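Subject: Structure handover

Hi,

My notes come below it.

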Amino acid sequence: MEKSHRVAVCQMQSTNDKDNNFRQVKNLVEKATDGGAKFIFLPECCDFVGENRQETLKLSEPLSGNLIESYKNLARSHNVWLSLGGLHEVPMESSNPPTKIYNCHVVINNSGDLVAAYRKLHMFDVDTPEFRFRESEVVAQGPGIVMPIDTPIGSLGLQICYDIRFPEVSGILRSRGAQILTYPSAFAYATGLAHWETLLRCRAIENQCYVIAAAQMGFHNRKRRSYGHAMIVDPWGKILVDCEEKELDVALVDLDLDKVASVRKNMPCEEHRMKCQNIYSRLPLRIHPESQGGFSFGGFDIPKETVFYESSHSFAFTNIRCVVPG
């Protein structure tokens with residue numbers, strides 16, 4: 001493997017026009033390969049941004065659909081790896097039309113093969129003074145974490161957008177050997193302005209990884225606006241590139257995996273973390289403040305009054321009403 005690996009992080013402005021979005025992707029891929037990129041990172045919603053729930057479900061496709069085939073041909077014809085940061089995937093077992101879809105981060109290699117697919121875990125369900133958004137009304141939670149994949153640029157951990165606010169997953173990916181973390185995004189403008197750069201640098205610093213975050217930019221429709229600022233951050237937390245607020249942009253960086261190794265050797269955080277595992281494991285169960293002093297089981301709130309036994313590792317409760325399906 002070469003010591004340096006050239007990657008491209010991309011910024012675009014998707015709408016509900018899938019053909020135009022694909023033209024943007026082709027433009028970005030051509031610019032990136034002209035610059036010598038071997039791996040190109042595209043943002044969440046690079047396929048489209050729907051105007052409403054019904055349109056989003058209608059425009060979505062399975063991973064066996066025509067759009068994915070077009071992406072495969074694009075990767076093959078340019079001899080490049082593609083990270084498709086978040087496609088609207090119709091599950092194989094879905095009804096027609098589907099009631100929910102996956103937000104799916106797909107990686108395609110330079111031979112046009114689909115080598116990984118990660119379905120987003122954390123749903124962006126928020127109600128802020130600036131806007132309200134309920135991703136879970138359309139998107140189903142993914143089944144689990146996808147372990148880091150081996151690529152020509154290093155070991156790659158896959159996440160999507162809102163996942164960045166949950167460091168638990170990035171820590172697991174780091175402990176499984178990830179050298180690069182990805183956060184392809186369509187980050188809301190208001191929260192991006194407040195938190196985007198800080199979150200990206202935090203995930204890079206605490207995991208001693210490169211962080212690559214392709215981004216959507218600008219107004220997708222009259223209701224939805226993305227922050228932009230596609231970035232690559234190095235393992236020391238230094239911002240290497242920032243696409244700022246350009247609507248269609250590519251930035252190239254040569255990743256140096258020796259930098260990852262050097263940072264980890266000089267400050268062996270993972271080694272220090274492992275020495276505390278026995279202490280972490282003795283911590284009491286986390287209590288959700290929103291559940292009025294109760295507990296959480298499988299994502300469901302358990303009222304405190306139904307819990308009749310608890311220890312540092314477990315609790316038992318009476319199922320007064322059905323809180324868990326089945």
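What follows is a short tour of the findings, grouped by region.

One caveat before the details: this is a predicted model.

Strand E1

Strand E1 covers residues 4-12.

His 5 is buried, because its relative accessibility is 6% and the cut-off for buried is under 20%. Its side chain reaches the backbone oxygen of Pro 152 at 3.2 Å. Beyond its neighbours up to four places away in sequence, His 5 touches Pro 152, Ile 153, Val 253, Asp 254, Leu 255 and Leu 257. Lys 38 is 33 residues from His 5 along the chain, with 7.4 Å between the two C-alpha atoms.

Val 7 has 0% relative accessibility, so it counts as buried. Leaving out residues up to four places away, its contacts include Ala 37, Phe 39, Phe 41, Ile 153, Ile 212 and Ile 232. Ala 251, Leu 252, Val 253 and Leu 255 are also among them. Val 7 and Val 80 are 73 residues apart along the chain, and their C-alpha atoms are separated by 10.0 Å.

The E12-E13 hairpin

Strands E12 and E13 form a hairpin, with five residues between them. E12 spans residues 215-219, and four of its five residues are buried. E13 spans residues 225-227. The two strands run antiparallel and are joined by three bridges. Met 217 stands opposite Tyr 227 in E13.

What does the side chain of His 220 make a polar contact with? This residue sits in the loop between E12 and E13. The partner is the side chain of Ser 226, at 2.7 Å. The backbone oxygen of Ser 14 also lies 2.7 Å from a polar atom of the His 220 side chain. His 220 is buried, at 5% relative accessible area. Setting aside neighbours within four places in sequence, His 220 is in contact with Gln 13, Ser 14, Thr 15, Val 49, Arg 225 and Ser 226.

Arg 203 lies in helix H5. Is Arg 203 buried or exposed? Arg 203 counts as buried, because its relative accessibility is 7%. Its side chain makes a polar contact with the side chain of Glu 206, at 2.4 Å.

Gln 208 sits in the loop between helix H5 (189-207) and strand E11 (210-213). It is not a glycine, yet its phi is positive, near 55°. At 2% relative accessibility, Gln 208 is buried.

Cys 45 also has a positive phi, near 60°. Its place is the loop between strand E2 (39-44) and helix H2 (53-59). Cys 45 is buried, with 4% relative accessible area.

Salt bridges

The count comes to 11 salt bridges. Here are some of them.

- Arg 119 and Glu 89: the closest N and O atoms are 2.8 Å apart. This pair links distant parts of the chain, with Arg 119 in strand E5 (residues 114-119) and Glu 89 in strand E3 (residues 81-89), 30 residues apart. Both residues are buried.
- Asp 249 and Lys 246: their side chains meet at 3.9 Å, N to O. Asp 249 is buried at 16% relative accessibility. Lys 246 is partly exposed at 44%.
- Arg 273 and Glu 270: their side chains meet at 2.5 Å, N to O. Both lie in helix H7 (residues 269-274), three residues apart, about one turn of the helix. Arg 273 is partly exposed at 31%. Glu 270 is buried at 14%.
- Glu 44, Lys 120 and Glu 135: salt bridges that share partners join these residues into one network.

A surface patch

Which residues form a nonpolar patch on the surface? They are Ile 145, Met 147 and Ile 172, with about 200 Å² of accessible area together. Met 147 is in the loop between strand E7 (132-134) and strand E8 (149-151). Its relative accessibility is 35%, so Met 147 counts as partly exposed.

Best regards

Conventions
Residues numbered from 1 in each chain as written. Predicted model: local features only at pLDDT ≥ 70, side-chain atom pairs only at ≥ 80, totals over all residues. Heavy atoms only, no water. Patch = residues over 30% accessible without salt bridge, like charges linked within 9 Å, V, L, I, M, F, W, Y side chains within 5 Å. Areas by Shrake-Rupley, 256 points an atom, 1.4 Å probe, with all protein chains shown as cover. Salt bridge = Lys/Arg side-chain N within 4 Å of Asp/Glu carboxyl O. Buried < 20%, exposed > 50% of the residue type's maximum accessible area, 1.4 Å probe, protein only. Contact = heavy atoms within 4.5 Å. Polar contact = N/O pair within 3.5 Å; in protein donor to acceptor, adjacent residues only side chain to side chain. Pairing = 2+ DSSP bridges.
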